[in-house]
Amino acid sequence: MTTTALPDTDALRARAEEALRRCGAQLPTGGGEGVSARTPLTGGTLFTLRATDAEGADAAITAADAAFREWRTVPAPRRGALVRRLGELLTAHKEDLAELVTVEAGKIHSEALGEVQEMIDICEFAVGLSRQLYGRTMASERPGHRLSESWHPLGVVGVISAFNFPVAVWSWNTAIALVCGDTVVWKPSELTPLTALACDALLGRAAADTGAPAGVHQLLLGDRECGGRLVDDRRVALVSATGSVRMGREVGPRVAARFGRCLLELGGNNAAVVTPSADLALAVRGVVFSAAGTAGQRCTTLRRLIVQEDIADELVEKIVHAYGRLSVGDPFRADTLVGPLISTSAHEAMAKALEAAQADGGKVLTGGERQLRDEAPEAAYVRPAVVRMPAQTAVVREETFAPILYVLTYRTLDEAIELHNGVPQGLSSSIFTRDQREAERFLAADGSDCGIANVNIGTSGAEIGGAFGGEKETGDGRESGSDAWRAYMRRATNTVNYSDDLPLAQGVNFL
């Protein structure tokens, strides 16, 4: 495995400033508590930004609530014009936003560009959706009556996003919410405020260009307490929160206590099953990208590899060999495949997990070491690790947000599925097989218990056309494609009597 040299903090600050300038973003500085905008590439601080205080958060929610009362009456295709314009601006500033994603989240540049492309794609999807917010008509049991459903804007949507997809997840929620007639208040991760400022500026330009009311989008910068204001405010109809299971356990009950709606996207402990019939070359490519991509910091990262015992040694040898060719270092370099972890504390969690795995009888086959420590002591570049485990122990059943791939073996497919489902999380899953019966068994009701189940691809890399989300401790609800739009609207059942009589349902006689 090779490593690459790093840029310095001053150079990264200059790159970020230029990208922000081109996007039209202003840095909120001076006064009140600060939010440190830092870069995981060096661990250095780029800027100190002014955080949103309680008064500012209340003003933002008030403005979004006022704008909603106008925005909900705008025809949906006209609301789609705002999202179309946003998509155009995202396309024009794709490189600028990708630059900020790499500087602030540490993603290799091709992945950063891919994340911005997701934003463009969801805008295209949402524009089409603006003419397809369909209700349905049902047969009424009463003559001269029409029974139907209609969908209406819900209200203010609070979006709380995580550092690992600092712009894509916001766009999934925002593009859909806007065409549904909602307004949005966004509290990004305190680790990625710069990307949020750029996106907010571009959406502000799109709103001005299309005549959307002021206040359709508001931005809050701050920590958990700042996000808590969205969670507890009754004017926020839906809280869409992405983060850890711990965060979800806190957010869910608080929103439910005020009878608000929640859309939670929480932890993943994703697994791939590899059967004897699999194309091993294909499996290796899918496994390595899913496990080591984004330095293991995707919610859909592959964390458990469940391999049939007869092919385990051969497959593991190929994977370890592939890991040896992964280059770690400056994510702006085209030949780099693994950038930094978000912080040194993330490496500490990884090291503790590896220690626990070895205490349980696991063997580290490759990886786990810090890289570039002398060049960037405050950054956390690590070699992705592969660990052979004798059983699915407690540490394997937990999600460690770092590039650790645990390898387990099985004898029968039923045993593989039992291992696969034997964790609290239920986000993404895959099977590598050329046997249609094995594939169908994995996708069946008694197969994978995850919200995403794939065949012959890895666990990461979802497309925006399909609904994204999971089961069990991963949370509830779906974002992005399919009919995920329903979460952002309220349903009304309508009965119209166009007759001269008033028959009651179920044949009831009254008066």
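**Charges and a covered helix**

Mentor: On the surface, E33, D53, E55 and D223 gather in a patch of negative charge. A patch joins like charges within 9 Å, using residues with over 30% relative accessible area and no salt bridge. This is a predicted model, in which local features need pLDDT of at least 70, side-chain atom pairs count only at pLDDT 80 or more, and totals for chains, interfaces and linings use all residues. Residues are numbered from 1 along each chain as its sequence is written, and side-chain values use heavy atoms, with hydrogens and water left out.

Trainee: Where is D53 placed?

Mentor: D53 lies in the loop between β2 (45–50) and α2 (54–71), and its relative accessible area of 45% makes D53 partly exposed.

Trainee: How many salt bridges does a search of the whole structure find?

Mentor: A salt bridge is a side-chain nitrogen of Lys or Arg within 4 Å of a carboxyl oxygen of Asp or Glu, and the search finds 31. In one of them the side chains of R298 and E111 meet at 3.0 Å, N to O. This pair links distant parts of the chain, 187 residues apart, with R298 in the loop between α10 (280–292) and β11 (302–308) and E111 in helix α5 (residues 109–129).

Trainee: Is R298 buried or exposed?

Mentor: Buried means under 20% relative accessible area, exposed over 50%, and partly exposed in between (1.4 Å probe, protein chains only). R298 counts as buried because its relative accessibility is 10%.

Trainee: How many residues of α6 are buried?

Mentor: Twelve of the twelve residues of α6 are buried, among them W170 and W172.

Key
Patch = residues over 30% accessible without salt bridge, like charges linked within 9 Å, V, L, I, M, F, W, Y side chains within 5 Å. Areas by Shrake-Rupley, 256 points an atom, 1.4 Å probe, with all protein chains shown as cover. Lys, Arg positive; Asp, Glu negative; His and termini not counted. Charge placed at Lys NZ, Arg CZ, Asp CG, Glu CD. Helix = DSSP H or I, 4+ residues; strand = E, 2+ residues; numbered from the N terminus.
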